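Please keep the 3D view open as you read.

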Amino acid sequence: KTSCIRASIIFSLMSFEAHFSEAVRGFIQANMAKLDPTKLSEVEVGLQRRVPISRALERWLELLPGKPLDMNAGPPKTYTEFREYRNALIHGKITEQIESVGKLAQEMEMIDNADRANVATSEMIKLVSSHFGFDVPKWA
């Protein structure tokens, strides 16, 4: 049961992070001529170096479309909580407290949280898509 919950949370985060990367690349491709070369260079270097997603969300949304995303409320805040959980899991810190949640990582392993993670990442995909001016993906 726990392994299914972990997989659900991790794979939902991975789907958002893949979408984010593609949205950034698509925005650059569609707006190359209009982008500030200095800002563009920072993002391109970050893509090559695989900058952490937390840093990319913090900087690139401001650099490219020119407007930051508030990561302290709603789906971005929930996404951050699950990203920190995933990082604790992957780095062997499952018995340590997750700062943004105030709980041990292992306390996050409940079916309700797997659902929350899926909803949050779906909402993040919608937010990032609209933030970059793309149509929001539709699921059948």
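Which helices each supply at least two residues of the lining of the largest pocket?

## Ground rules

This is a predicted model, in which local features need pLDDT of at least 70 and side-chain atom pairs count only at pLDDT 80 or more, while totals for chains, interfaces and linings use all residues. Residues are numbered from 1 along each chain as its sequence is written, and side-chain values use heavy atoms, leaving out hydrogens and water.

## The largest pocket

The helices in question are α1 (2–31), α2 (37–49) and α3. Helices here are DSSP runs of H or I with at least four residues, numbered from the N terminus. Six lining residues come from α1, the largest share.

The pocket has a volume of about 340 Å³. A pocket is an open set of points on a 1 Å grid over the protein atoms alone, where a 1.4 Å probe fits, with protein on both sides within 12 Å along at least five of seven lines; lining residues have an atom within 4 Å of a point. The volume is the space filled by probe spheres set on the points. Of its 15 lining residues, Glu17, Ser21, Arg50, Val51 and Ile53 are the closest to the centre. By class, the lining has nine nonpolar, two polar and four charged residues (Ala, Val, Leu, Ile, Met, Phe, Trp, Tyr, Cys and Pro count as nonpolar, Asp, Glu, Lys and Arg as charged, the others, Gly among them, as polar).

## α1 and its partners

With α2, α1 packs at an angle of about 145 degrees, the axes lying 12 Å apart (axes are lines fitted to C-alpha atoms over the stretch in contact, and angles run from 0 to 180 degrees between N-to-C directions). Ser21, Val24, Arg25 and Ile28 of α1 meet Leu40, Val43, Glu44 and Leu47 of α2, where contact means heavy atoms within 4.5 Å.

With α3, α1 makes an angle of about 35 degrees, with axes 12 Å apart. Here Phe16, Glu17, Phe20 and Val24 of α1 meet Ile53, Ala56, Leu57, Trp60 and Leu61 of α3. This contact has eight nonpolar, no polar and one charged residues.

## α3 against α4

Helix α3 (residues 53–63) and helix α4 (residues 74–90) pack at about 155 degrees, with axes 11 Å apart. They are therefore roughly antiparallel (an angle over 145 degrees). Ile53, Ser54 and Leu57 of α3 touch Tyr79, Arg83 and Arg86 of α4.

How values were computed
Parallel < 35°, antiparallel > 145°, perpendicular 65-115°, else oblique.
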